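Okay everyone, thanks for coming. Let me put the structure up, and then we'll talk through some ring contacts and a bit of surface.

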Amino acid sequence: MLRKSTERTKIITLLGIAIVSQAIGNVLLRQSMKSVSAVSGDWLAISLQICCSPSVLVGLGFLIVCFVLFATTLSRADLSFVLPVVSSEVILNVAFAKYFL
């Protein structure tokens, strides 16, 4: 019984980190895209600016962490447990957008 409880705690912790990293990644990408949208000019120059932007790279890093953690939790737990927990990321996204954007 203790082992099952410990495994569930690990899964919930991984999902919590995944949800927070997804929200942070979305905020970072939105902020960097706002700054790039103000620039007009050649699409190649804008694309290079996007690819070299540190906030875009960090935001993508957070989203990759979210994906890896989500895939890890799906390999350890049932979809019927993971998906309702992950649905809370919508609430966190809205809260982060309201506060940071």
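**Rings and a nonpolar patch**

So, Phe 96 and Phe 100 both sit in helix α5, which covers residues 89-100, and they are four residues apart, about one turn of the helix. Keep in mind that what you're looking at is a predicted model.

How many aromatic pairs are there? The count comes to two. One of them is Phe 96 with Phe 100, an edge-to-face pair at 5.3 Å centre to centre, with 70° between the planes. Phe 96 counts as buried because its relative accessibility is 18%, under the 20% cut-off. Phe 100, at 43%, counts as partly exposed.

Phe 100 also pairs with Tyr 99, again edge-to-face: here we have 4.8 Å centre to centre and 85° between the planes. And is Tyr 99 buried or exposed? Exposed, because its relative accessibility comes out at 67%, and the cut-off for that is over 50%.

Another ring to look at is Phe 81: Arg 8 lies over its face, 4.6 Å from the ring centre.

Okay, on to the surface. Which residues form the nonpolar patch? They are Leu 57, Leu 60, Ile 64, Phe 67 and Val 68, and together they have about 500 Å² of accessible area. Take Leu 57 from that group: you'll find it in helix α3, residues 54-76. With a relative accessible area of 48%, Leu 57 is partly exposed, and so it clears the over 30% needed for a patch residue.

Definitions and conventions: Residues are numbered from 1 along each chain as its sequence is written. This is a predicted model: local features need pLDDT of at least 70, side-chain atom pairs count only at pLDDT 80 or more; totals for chains, interfaces and linings use all residues. Side-chain values use heavy atoms; hydrogens and water are left out. Patches are made of residues with over 30% relative accessible area and no salt bridge: like charges are joined within 9 Å, nonpolar side chains (Val, Leu, Ile, Met, Phe, Trp, Tyr) within 5 Å. Accessible areas come from the Shrake-Rupley method with a 1.4 Å probe; for residues, only the protein chains shown count as cover. A salt bridge is a side-chain nitrogen of Lys or Arg within 4 Å of a carboxyl oxygen of Asp or Glu. Helices (H or I, at least four residues) and strands (E, at least two) are DSSP runs, numbered from the N terminus. Buried means under 20% relative accessible area, exposed over 50%, partly exposed in between (1.4 Å probe, protein chains only). Rings of Phe, Tyr and Trp (its six-membered ring) pair if their centres lie within 6.5 Å; planes under 30 degrees apart count as stacked, over 60 as edge-to-face and the rest as tilted. A charge sits over a ring if NZ of Lys or CZ of Arg is within 6 Å of the ring centre and within 35 degrees of the ring normal.
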